[in-house]
Amino acid sequence: DSFARLVRGVVMGAVLLGLAATAGAIALQAATATGTSFWAALDPDAVDAVSDTRPVRAWGARLAVWLLLGATLLVALRPRRVPGLRPAALGAAGSAPGPPLSRPLTLLLGGAIVALAFTAPMAGHSGTESPRGLLTVADTLHVLSMSVWLGGLALLLVAVPIAMRALHRRERIPLLAAAAGRFSRLAMVAVGLLLLSGIVQSVALVGALDAFVETAYGRLVLAKIALFMGLVSLGAYNQRRLLPGLRRVADGDEEAERAAALLRRSVACEISLALVVLGLASVLVVTEPAVGL
């Protein structure tokens, strides 16, 4: 229950941040187009001046999807609905999984998440460059994979350790090791899809090997690749060294606490590096692709 409350807080906080960021992006687009300040661009007339542009149409759709996703999550994550272990029966020993989400709610939630990721190629280069269909699929997959990876790291860093405080000392480290192990397998799939979709985007938008060093877009792609490889190396270190060590240590002893703290610090470094990658990605979105020069 403690974990479920934290998950709801993290996820709904992300929805509110997404709404605010999307609304801010629309206002910034209006400020750029009209040559006014950010606050002056909040005027409806300024926003209306850019309402027919492709990025603002995409961001308008994103606002609607954020609202739909938020409403769906409120239903899906209501108390006693978050997946977890519950007492098997009143007065009985043991526990059992909580009730799963209904099929319509699962489909609605999945559809809203995919639609949210789809707004990225709608607003970016994938909507204008060829091959448009392949780039749209690759960009959507890229955003989904990064969201799974970074979102899972955030929950592993924030929600799991805080929820562990409600457990007996002997139960904390085994729970952290189990949660990290399950996420590690999911992260491997996400990283593979990130790599595949990133290669497709690089080939289509950079075009030639010399463009990687001769154009600003190509150099930004190289910087993003270098940071991504750093992320992969850090994730591999977590999986190959820290996670097995966490599983081996004795439950609840001082060595186990040190191993858990080391894993949390490594996850925090991974998140920090991922945020830098996202910053580079945001610059790439507003930089002319090498193939368009």
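**Cores, ring pairs and a pocket in a helical model**

The largest nonpolar core has 28 residues, and Trp149, Leu156, Leu176, Leu246 and Leu263 have the most contacts inside it. A nonpolar core here is a set of buried Ala, Val, Leu, Ile, Met, Phe, Trp, Tyr and Cys residues joined through side-chain atoms within 4.5 Å. Buried means under 20% relative accessible area, exposed means over 50%, and partly exposed lies in between (1.4 Å probe, protein chains only). H5, H6, H8 and H9 are the elements that give two or more residues to this core. H6 gives the most, with nine residues. A second, separate core has 12 residues, including Val206, Ala211, Leu280 and Leu284. In soluble globular proteins, nonpolar side chains tend to be buried together.

This is a predicted model, in which local features need pLDDT of at least 70 and side-chain atom pairs count only at pLDDT 80 or more, while totals for chains, interfaces and linings use all residues. Residues are numbered from 1 along each chain as its sequence is written, and side-chain values use heavy atoms, with hydrogens and water left out.

Now the overall layout. The protein chain has nine helices and two strands. Helices (H or I, at least four residues) and strands (E, at least two) are DSSP runs, numbered from the N terminus. From that end, the elements run α-α-α-β-β-α-α-α-α-α-α. The protein chain has 293 residues, of which 39% count as buried.

Next, the aromatic rings. A pair of aromatic rings is described by the distance of the centres and the angle of the planes. Rings of Phe, Tyr and Trp (its six-membered ring) pair if their centres lie within 6.5 Å; planes under 30 degrees apart count as stacked, over 60 as edge-to-face and the rest as tilted. By this rule there are two aromatic pairs. Phe38 and Trp39 form an edge-to-face pair, because their ring centres are 5.1 Å apart and their planes stand at 80°. Phe38 is partly exposed, at 28% relative accessible area. Trp39 is exposed, at 68%. The rings of Trp149 and Phe228 also have an edge-to-face arrangement, because the centres are 6.2 Å apart and the planes are at 90°. Trp149 lies in helix H5 (residues 132–164) and Phe228 in helix H8 (residues 216–248), so this pair ties together parts that are 79 residues apart in sequence. Trp149 is buried, at 3% relative accessibility. Phe228 is buried too, with a relative accessible area of 14%.

Ser145 is found in H5 and is buried, with a relative accessible area of 3%. A polar atom of the Ser145 side chain lies 2.8 Å from the backbone oxygen of Leu141. That distance can be set against the rule for a polar contact: a pair of N or O atoms within 3.5 Å, where within protein one must be able to donate a hydrogen and the other to accept it, and residues adjacent in sequence count only if both atoms are side-chain atoms. Met146 is also in helix H5. Met146 counts as buried, at 11% relative accessibility.

Thr215 sits in the loop between helix H7 (211–214) and H8. Thr215 is buried, with a relative accessible area of 12%. A polar atom of the Thr215 side chain lies 3.0 Å from the backbone nitrogen of Gly218. Ile225 is found in helix H8 and is partly exposed, with a relative accessible area of 39%. From C-alpha to C-alpha, Ile225 and Ser202 are 9.9 Å apart in space, and they are 23 residues apart in sequence.

Finally, a pocket. On a 1 Å grid over the protein atoms alone, a pocket is an open set of points where a 1.4 Å probe fits, with protein on both sides within 12 Å along at least five of seven lines; lining residues have an atom within 4 Å of a point. The second largest pocket has a volume of about 350 Å³. Of the 21 residues that line this pocket, Ser184, Ala187, Gly235, Ala236 and Gln239 are the closest to its centre. H5, helix H6 (169–206), H8 and helix H9 (254–285) are the elements that give two or more residues to the lining. The largest share, eight residues, comes from H8.

Conventions
Points joined across faces, edges and corners; volume = space filled by probe spheres on them.
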